[in-house]
Amino acid sequence: MTREKRWTIPIIVIVCLAGVLVLYRHSGADKPGRSFLKPAAVVRPERIVSLAPNLTEILFALGLGGKVVAVSNNCDYPAGAGEKAKVGTFWQPNTEAIIAAKPDLVVTLWFEQQKAVADTLGRIGLNVLTFRIEKIPELYAAIEKIGLAAGCEQRAKLLNGNIAGRLNALRGKFATEKKVRVMWVVQTEPLRLAGRDTFINQLIELTGGENAIAPTIQQYPPVGTEELLTCGAEVIIQSAMGTADTEQQQRAAEHFWSRFASLPAVKSKRVYVVAADCALRLGPRVPEGAETIARYLHPDLTE
Amino acid sequence: MTEFLTAKNLTVKIIICLAVLAAVMAGCALVGTQNISLRNVFAGPGAEAGANIDYDIFVRVRLPRVILAALVGAALAAAGVVLQAILRNPLADPYILGISSGAGLGVIIAVLSGVTWGFAAGSPIAVFAFAGALATVWLVWAIGYFAGGSRVTCLLLAGVVVNAFFSAVIMFLTSIAKSEQVFSTIFWLMGNITEKDMPVLLAGGISIVAGIAALFAVSHRLNVLSMGEQQAKDLGVAASRTRAVAFALAAFITAIAVSLSGLIGFVGLIIPHAVRLVFGPDHRQLLPVSAIIGAAFLVIADTIARTIVAPAQLPVGVITAIAGGPFFLLLLAKYSRKVGWLK
């Protein structure tokens, strides 16, 4: 009894000290900030691994497709990407498989799961580039940075110029038109719409539209029927779920919206389902997505 | 069974269990999505980065992961034993008194505030999870103490209510978060074992092993405590003080485990019961054996999780429940008539 009493307190103290050590290590306070890319190490990478569909699309658009050795399971475009070796899903990349692909450059997105993998790879000494791409300007920056890292700055400039040119053309075309009220549906049950603080909203405004939903605290707000009926949406665009039959999803969407017959969009039968990868993936295909939306918004102005 | 538990007997059992754990860890470190050769591993890291891939995969990816799984499994199983004893409730698990929602809240706050994204070498998520877990447990303990003194029912109810309240806050924050942030949080909540830096593993390992050792030092009192308050008093054990110490230690090791790997379910609930069914309810034995078996179980579960759908991976919680559930039912059917706990 007494023997063990004597030891309990010191042991607890030791445990607490160890806990503080964990916190200290975890906070990263003992390590200097580190840039994942060592600029001098790789000028022209020969073996690139991409962990995100939009990064893969950027690599292929920059003509680096031949140098991509492995991609995530979710990378499905362009056709060549689907044939590459796979290194786990977008959400749970497989560190082991990435290392085994012997990459000299790994490109990842910034969110927690990919950042954890990027940290491990960085510790091993691999070159890792981590990107945060949520809005269109960040897309330009990412393309430029990949171009710089892979030694094809010219091509990156061209690609950025091409994207910006097509987007500006759209913007100019519809700048003086009356704004079309657009409701962008992310899912129907329960109903969630794209709010104003999204990339989708940028696309809508760029193509001469205006979000039918006022600013909300949520990025993708759930909306009640009352708000829905009074928002006056002239066009409803629904992003398709997965790559399943878009025709069928179109019919299902028309059926779903037919119960809100007083909405201008339903009255004039302007309910559209768009393929999610083209419209929502922030990559080199953004102009195509924007042009598709423009056709839905202004059928009379676009050929 | 318990009368015959001598020090020698116990030591032998623990050593055998440790040997099994070592064998399991070694075996699992050799399994993975890539085939690697041990000879290359022993050749060392090579002159420049990426020169010896087998070494990198084995030493920097698989070993840290296997060690992390063992640490987390041990911590959760040991904490489960302690909470089942002090709450005298067979449904108790390490998360029952608010750790899960507290840690979850910490994580979503870390994700939403976006602290040090982009250039941090450490993980702010782990720090927030640890702080959230400990703060919530302290809150539950304080509420339970002021509401009900030493009665465990109040503690349990306080835990349930705080869990529900924080879950609602998590839901609210999730509803206003961006989609990637939501996914980051959900995947974290599912629990995942990933590669960690060696210093992090070392610090986590020291804390968890020290915590389990300290619990082992009070394990004979848990025997008395699990009989009930009055019996404990009659036998001269200061019930509330023992309970406070054991609870604090269990919460501490659980918080570390959670901050390292998210919420991995099932281990802390099932392993203590399985060990109790097979080896008997004496806590001097139940605690160390559960910790070791819990470690081996999570190592195996994580190995399955990272290889079965290669190159993709599954959340380890899927495996612990799918593989562990039926196995536990088998044990239950076979042994439950022999032991007293479930009567």
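How much space lies in the largest pocket? The views below take up this question and others on a predicted model.

**View 1. The largest pocket, at the level of its volume and centre.** About 1700 Å³ of space lies in the largest pocket. Its lining counts 43 residues. Closest to the centre are A:Tyr220, A:Leu280, B:Ser179, B:Glu180 and B:Phe183. The lining divides into 22 nonpolar, twelve polar and nine charged residues.

**View 2. The elements around the largest pocket.** α7(B) gives the most, with four residues. In chain A, domain 1 (3-151) and domain 2 (173-297) each supply at least three lining residues.

**View 3. Helix packing in chain B.** Two packed helices are described by the angle between their axes and the distance between the axes. Here helix α3 (residues 53-87) of chain B packs against helix α12 (residues 267-279) of chain B at an angle of about 70°. Their axes lie 7 Å apart. Angles of 65 to 115 degrees count as roughly perpendicular, so α3(B) is roughly perpendicular to α12(B).

**View 4. The contact of α3(B) with α12(B), residue by residue.** On the α3(B) side are B:Gly73, B:Leu76, B:Ala77, B:Gly80, B:Val81 and B:Gln84. They meet B:Val267, B:Gly268, B:Leu269, B:Ile271, B:Pro272, B:His273 and B:Arg276 in α12(B). The contact residues divide into seven nonpolar, five polar and one charged.

**View 5. Backbone geometry in two loops of chain A.** Most residues other than glycine have a negative phi, and most peptide bonds are trans. The peptide bond from A:Tyr77 to A:Pro78 is cis, with omega near -10°. A:Pro78 sits in the loop between β2 (68-71) and α3 (79-82) of chain A. A:Lys102 has a positive phi, near 50°. This residue belongs to the loop between α4 (95-100) and β4 (105-109) of chain A.

Key
Residues are numbered from 1 along each chain as its sequence is written. Chains are lettered from A and ligands numbered from 1 in the order in which they are written. This is a predicted model: local features need pLDDT of at least 70, side-chain atom pairs count only at pLDDT 80 or more; totals for chains, interfaces and linings use all residues. Side-chain values use heavy atoms; hydrogens and water are left out. Axes are lines fitted to C-alpha atoms, for helices over the stretch in contact, and angles run from 0 to 180 degrees between N-to-C directions. Angles under 35 degrees count as roughly parallel, over 145 as roughly antiparallel, 65 to 115 as roughly perpendicular and the rest as oblique. Contact means heavy atoms within 4.5 Å. Ala, Val, Leu, Ile, Met, Phe, Trp, Tyr, Cys and Pro count as nonpolar, Asp, Glu, Lys and Arg as charged, and the others, Gly among them, as polar. On a 1 Å grid over the protein atoms alone, a cavity is a set of points where a 1.4 Å probe fits but cannot get out, and a pocket is an open set with protein on both sides within 12 Å along at least five of seven lines; lining residues have an atom within 4 Å of a point. Grid points are joined across faces, edges and corners, and a volume is the space filled by probe spheres set on the points. Domain bounds come from an automatic or database domain assignment.
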